[in-house]
Amino acid sequence: MKMIVGLGNIGPQYDNTRHNTGFMVVDALAQAHQIDLTTRKMDARYGMGMINGEKVMIVKPTTFMNESGRAVHPLMQYYKVAVEDLIVVQDDMDLPLGRIRLRNHGSAGGHNGIKSLIAHVGTQDFARIKVGIAHPQQHTVVDYVLGRFTADQQPVFNQASDHAVAALEDWVAGMDFAQLMNRYN
């Protein structure tokens, strides 16, 4: 079984904010494959289904971003998901809006959700899809990441989300990660 985790913050005040990019991408994937994310267990909302003939679990931690690992690691243990079967979707301020970048390991790069995952899972060797939200031009970082995309930015984000969903589908189908990076980076 493959585990796909979207990072974000819970609560309506955070819906559709830049920092909830991971939630928005996995919601789009779940909708495309009619997977309901209604099961609540171990500080997460998730659902299971089939994508490209492979059983998948799509997870949205119900902890805040900074505690994402507290939700993900117990689910991995309970369902016996190996770290190589985990992929995480996150926002990334260091990427231009609309770009995605796949990585099969690496440091947290300042992302607190990834820091938490590394601490709880015990390794930084798990796959990620980083979705660019760009760096703030006129706002503080906190106000920017907790803000919503502007009307001009939304279509650019939507296209990046579509690419991230396609990359997830190819990952689930078993495409070699080096090929995935060549195709989508």
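**Close-up views of a predicted model**

View 1. Leaving aside residues up to four places away in sequence, Asp92 touches Lys130, Val131, Gly132, Ile133 and Ala134, where contact means heavy atoms within 4.5 Å. Asp92 is found in strand S5, and its bridge partner in S7 is Gly132. With a relative accessible area of 12%, Asp92 is buried; buried stands for under 20% relative accessible area, exposed for over 50% and partly exposed for what lies in between, with a 1.4 Å probe and protein chains only. The model is a predicted one, in which local features need pLDDT of at least 70 and side-chain atom pairs count only at pLDDT 80 or more, while totals for chains, interfaces and linings use all residues. Residues are numbered from 1 along each chain as its sequence is written, and side-chain values use heavy atoms, with hydrogens and water left out.

View 2. Seven strands form an open sheet in the order S2-S3-S4-S1-S5-S7-S6, with mixed pairing. Strand S2 (39-41) and strand S6 (100-103) stand at the edges with a single partner strand each, so one side of each is left without a neighbour in the sheet. From one strand to the next, the twist averages 25°. Strand S5 (residues 86-92) and strand S7 (residues 127-132) pair in the parallel sense over 6 bridges; two strands pair if DSSP finds at least two bridges between them, and helices (H or I, at least four residues) and strands (E, at least two) are DSSP runs numbered from the N terminus. Helix H1 (residues 21-32) lies across strand S1 (2-6), strand S3 (44-51), strand S4 (54-61), S5 and S7, running at about 145° to S4, whereas helix H6 (residues 177-184) lies across S5, S6 and S7 and runs at about 165° to S6. Axes are lines fitted to C-alpha atoms, for helices over the stretch in contact, and angles run from 0 to 180 degrees between N-to-C directions.

**View 3. Leu117 in helix H3.** Leu117 lies in helix H3 (residues 112-121) and, at 0% relative accessibility, counts as buried. Not counting residues up to four places away in sequence, Leu117 touches Leu7, Ser68, Gly69, Val72, Val88, Gly122 and Phe126. The C-alpha atoms of Leu117 and Val72 are separated by 7.4 Å, although these residues are 45 residues apart along the chain. The buried residues in H3 include Gly113, Ile114 and Val121, and what covers the buried residues of H3 includes helix H2 (68-78), S5 and S7. After H3 comes Gly122, whose phi is positive, near 90°.

View 4. The structure holds 4 aromatic pairs; rings of Phe, Tyr and Trp (its six-membered ring) pair if their centres lie within 6.5 Å, and planes under 30 degrees apart count as stacked, over 60 as edge-to-face and the rest as tilted. The rings of Tyr78 and Tyr79, with centres 4.9 Å apart and planes at 80°, form an edge-to-face pair. Phe149 and Phe157 form a stacked pair, 4.6 Å centre to centre with 20° between the planes, and both Phe149 and Phe157 are buried. Tyr46, Tyr78 and Tyr79 form one aromatic cluster. Arg18 lies over the face of Tyr144, at 4.0 Å from the ring centre, and the charged end of Lys60 sits over the ring of Phe23, 4.8 Å from its centre; a charge sits over a ring if NZ of Lys or CZ of Arg is within 6 Å of the ring centre and within 35 degrees of the ring normal.
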